[in-house]
Amino acid sequence: MFEIIPSIWLINGKCVRLKRGDFATEEVISSNPLEIAQTFEGIGIKRLHLVDLDGARRGEPKNYHILEAISGYTDLKVDFTGGVSTDGDVIKCFEFGAKTVTIASAAANYPERFAQFILSYGREKINLAADTNPSDHKIKIRGWLKKTEIDLFDHIEFFYERGLKYLKCSDVTRDGVMEGPNFALYQEVRDRFPSISLAASGGVRGIDDFKRLRDMGLHAAVFGRAYYEGKISLHDLEKFINNA
C-alpha cells in the first residue's frame with residue numbers, strides 16, 4: 001500500500017522549512033510541531049517523518065522532547081531522523097516513542113555499524129536515507145552540509161545485500177523548491193533494487209506527483225513544503241488517502 005508521509009523539520013524545537021537543505025533559507029512555520037502533527041493525524045495520516053536538523057548538524061539528536069510529545073499525544077507512527085549515530089542514540093529514539101529510525105550520516109561514515117543496526121533492531125525499524133545530487137550521484141550527509149565520495153548505488157547495494165528493506169532517497173536539488181520529484185532517479189533505484197521499499201523525498205508539487213510515484217511502484221512519498229505553502233490542502237490529502 002502506497003503511503004504519503006508528511007515531514008516536520010525541527011530547529012530549536014520549532015517547525016521550519018528550508019530550500020535545497022540550505023540552512024540560510026530557514027523559515028519558521030510554527031513553534032508548535034505537536035499541533036501540526038495532530039492536524040495530520042486528524043485527516044487520517046498514519047506516519048510522520050520527524051527531522052531533527054539540530055541533530056543532523058551536530059552529530060547527535062537534540063529534539064527528543066518533540067519526539068516524546070508527538071509520540072505521547074498522537075497515535076502517529078513517528079519515523080525519527082537527524083544525528084542518530086550510536087546504539088545509545090537508537091535506543092533513546094525508541095524509548096522516546098519512535099517507531100522507526102532513519103539514518104544517513106552514520107550509514108555513510110560507519111557502514112558496518114549501520115549494517116549491525118539492521119540485524120540488532122530489525123529491518124522493519126531501521127531505515128536508510130540516501131541523499132544525493134544527481135549531477136554526480138555522490139552521497140551527502142550531515143544535513144546535506146557535507147559531500148562524500150560515496151556513490152549512491154554502491155551505497156544502497158552494500159546495505160541491500162545485508163538485509164535493508166526501507167530506503168528514503170532524496171534528490172537534494174529538488175528539496176523544498178517544488179520542481180517535481182526526480183522520477184528518473186527513483187525509476188533507476190527501483191530497477192536496480194526491485195525488492196526494496198522506496199520512499200521518494202523532495203520536490204512534490206501536488207497530488208498528481210503522489211499518483212505517479214505510486215504507479216511507479218514506490219512504497220511511499222515524503223512531502224512538506226507543498227503543504228506548508230498551501231499547494232496541497234488538507235482536503236486534497238484526505239481525499240487521496242481515502243481513495244488510495
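A residue counts as buried when its relative accessible area is under 20%, and as partly exposed between that value and 50%. The model on screen is predicted, and this tour uses the cut-off at its first stop.

**Stop 1: Y64 and F96**

Select Y64. Its relative accessibility is 10%, so Y64 counts as buried. The rings of Y64 and F96 form a stacked aromatic pair, with 5.0 Å from centre to centre and 20° between the planes. To see what the pair joins, colour helix 3 (residues 64-73), which holds Y64, and the loop between helix 4 (87-95) and strand 6 (100-103), which holds F96. The two parts are 32 residues apart in sequence, so the pair ties them together.

**Stop 2: F94 and Y121**

Next, select F94 in helix 4 and Y121 in helix 6 (residues 111-121). These two rings also make an aromatic pair, here a tilted one: the centres are 6.0 Å apart and the planes stand at 55°. The pair links distant parts of the chain, 27 residues apart. Y121 has a relative accessible area of 22% and is partly exposed.

**Stop 3: the ring cluster**

How many aromatic pairs does a search of the whole structure find? There are 13. To view a cluster linked by ring pairs, select F2, F40, F210, F223, Y227, Y228 and F240.

**Stop 4: helix 9 and helix 11**

Show helix 9 (residues 207-215) and helix 11 (residues 234-243), which pack with their axes 11 Å apart and at an angle of about 25°. Angles under 35 degrees count as roughly parallel, and helix 9 and helix 11 are therefore roughly parallel to each other. Their crossing is right-handed. On the helix 9 side, select I207, F210, K211 and R214; they meet D236, L237 and F240 of helix 11. Four residues of this contact are nonpolar and three are charged, with no polar ones.

**Stop 5: helix 7 and helix 8**

Finally, move to helix 7 (residues 152-160) and helix 8 (residues 183-192). Their axes come within 11 Å and cross at roughly 35°. Which hand does the crossing of helix 7 and helix 8 have? Helix 7 passes helix 8 in a right-handed crossing. Select L152, F153 and I156 in helix 7, then L185, E188, V189 and R192, which they meet in helix 8. This contact has five nonpolar residues, two charged ones and no polar ones.

Terms used. Residues numbered from 1 in each chain as written. Predicted model: local features only at pLDDT ≥ 70, side-chain atom pairs only at ≥ 80, totals over all residues. Heavy atoms only, no water. Axes fitted to C-alpha atoms, helices over the stretch in contact; angles between N-to-C directions. Helix = DSSP H or I, 4+ residues; strand = E, 2+ residues; numbered from the N terminus. Parallel < 35°, antiparallel > 145°, perpendicular 65-115°, else oblique. Left-handed = near helix turned anticlockwise from the far one by under 90°. Contact = heavy atoms within 4.5 Å. Nonpolar A, V, L, I, M, F, W, Y, C, P; charged D, E, K, R; others polar. Phe/Tyr/Trp six-rings, centres within 6.5 Å; stacked < 30°, edge-to-face > 60°. Buried < 20%, exposed > 50% of the residue type's maximum accessible area, 1.4 Å probe, protein only.
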